[in-house]
Amino acid sequence: MVDYDFENDVVAITGAASGIGAETAREFGAAGASVVVADVDDDGGESVVDEIESAGGEAVYVNTDVTEMGDVEAMVETAVSEFGGLDYAVNNAGIGGPAEAAGGIDESDWEQTVDINLNGVWRAMAAELDAMGESGGAIVNMASIMGQIGMENTAAYVAAKHGVLGLTKTAAWEYADDDIRVNAVCPGFVETQMLADAGITTNEGVRQHIEGKHSQDRLAQPEEIAAAVLWLCSDDASFTNGEGLTVDSGYTAV
């Protein structure tokens, strides 16, 4: 991991109680940022805050359901009231959605997947952009390689992640004059609890099949995705805007 300096900066991260979000929160904390850890998992979120503080960083947990506009507004308000503003935001909260063909998805499952994975990103961005309006900043949305390609039995997730990329590209142009950059990260398959819950990492045959879709024959680790997020927020990425940065060991290259 590159040693970035985010001293005196403030970042808010949704879905930060585990997986990619938690690792991103820890990395921002280690780089000197004050971190708003946002999630619906209170125990997990508080644990990440404890880790950041134990390492000498500064963090606060906010229970945040991204399907509720009031919750994401409270997340941003906490960043401002506790730490004085908001410089960066990582909209990472998401779920895997139903494993069904498009025509067989229950309507409520479709709506939940899209509401969390796409509408939740828009809600968070709406609050974040308002807070960044006067001073500028950078937003990173967590998309997926499934925002670039299709995959059987993942229609709701794929549709939502395609939407995240479209939202990212549009907002990047809309807010460039306000000195706000908006980018996305498109990870391949990452070693997280979400994959375990989906049976991908717990079934050895399925795991080997998925690993083989990546050129290095393995899954990504959360810290490898966090590294891409921090780079997009850093001054090193100052000319990067509207990008869907693919981090997938060549999954989409063939």
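**Pockets, cores and rings**

Helix H6 supplies the largest share of the lining of the largest pocket, namely four residues. The model described here is predicted. In it, the largest pocket has a volume of about 1,300 Å³, and the largest nonpolar core has 32 residues. By the rule applied to ring centres, there are five aromatic pairs.

**The largest pocket**

- The volume of the largest pocket is about 1,300 Å³.
- The lining of this pocket consists of 47 residues, of which Gly94, Ile95, Gly96, Tyr157 and Met194 are the closest to the centre.
- Two or more lining residues come from each of these elements: H1, E2, helix H5 (155–174), helix H6 (193–197) and helix H7 (204–211).
- By class, the lining of the largest pocket comprises 25 nonpolar, 16 polar and six charged residues.

**The second largest pocket**

- The second largest pocket has a volume of about 260 Å³.
- It is lined by 17 residues, and those closest to its centre are Gly137, Ala138, Asp179, Arg181 and Asp235.
- At least two lining residues are supplied by E5, and at least two by strand E6 (180–187).
- The lining of the second largest pocket divides into six nonpolar, six polar and five charged residues.

**The nonpolar cores**

- Within the largest nonpolar core, of 32 residues, the most contacts belong to Phe6, Val11, Ile13, Phe28, Val35, Val37 and Val185.
- Strands that give two or more residues to this core include E1 (10–14), E2 (34–39), E3 (58–63), E4 (88–91) and E5 (137–142).

**Phe28 and its surroundings**

- Phe28 has 0% relative accessibility and therefore counts as buried.
- Leaving aside residues up to four places away in sequence, Phe28 touches Phe6, Val11, Ile13, Ala33, Val35, Tyr88, Val90, Val229, Leu230 and Cys233.

**Aromatic pairs**

- The total number of aromatic pairs is five.
- The ring centres of Phe6 and Phe28 are 4.9 Å apart and the planes stand at 55°, so this pair is tilted.
- Because Phe6 belongs to the segment before E1 and Phe28 to helix H1, the pair ties together parts that are 22 residues apart in sequence.
- Phe6 counts as buried because its relative accessibility is 2%.
- Phe6 also forms an edge-to-face pair with Tyr88, at 5.2 Å centre to centre and with 80° between the planes.
- Since Phe6 lies in the segment before E1 and Tyr88 in strand E4, this second pair ties together parts that are 82 residues apart in sequence.
- Phe6 and Tyr88 are both buried.
- Through ring pairs, Tyr4, Phe6, Phe28 and Tyr88 are linked into a cluster.

**Residues with positive phi**

- Most residues other than glycine have a negative phi.
- Asn8 has a phi near 70°, a positive value in a residue other than glycine.
- Asn8 is located in the segment before E1, and it counts as exposed because its relative accessibility is 71%.
- Asp217 has a phi near 55°, which is likewise a positive value in a residue other than glycine.
- Asp217 is placed in the loop between H7 and H8, and its relative accessibility of 52% is the reason it counts as exposed.

**Glu134**

- Glu134 is found in the loop between helix H4 (107–132) and E5.
- With a relative accessibility of 84%, Glu134 counts as exposed.
- In sequence, Glu134 and Asp179 are 45 residues apart, while in space they are 8.9 Å apart, C-alpha to C-alpha.
- Asp179 is also one of the residues closest to the centre of the second largest pocket.

Terms used: Residues numbered from 1 in each chain as written. Predicted model: local features only at pLDDT ≥ 70, side-chain atom pairs only at ≥ 80, totals over all residues. Heavy atoms only, no water. Core = buried A, V, L, I, M, F, W, Y, C linked by side-chain atoms within 4.5 Å. Buried < 20%, exposed > 50% of the residue type's maximum accessible area, 1.4 Å probe, protein only. Contact = heavy atoms within 4.5 Å. 1 Å grid on protein atoms, 1.4 Å probe; cavity = no way out; pocket = protein on both sides within 12 Å on 5 of 7 lines; lining within 4 Å. Points joined across faces, edges and corners; volume = space filled by probe spheres on them. Nonpolar A, V, L, I, M, F, W, Y, C, P; charged D, E, K, R; others polar. Phe/Tyr/Trp six-rings, centres within 6.5 Å; stacked < 30°, edge-to-face > 60°.
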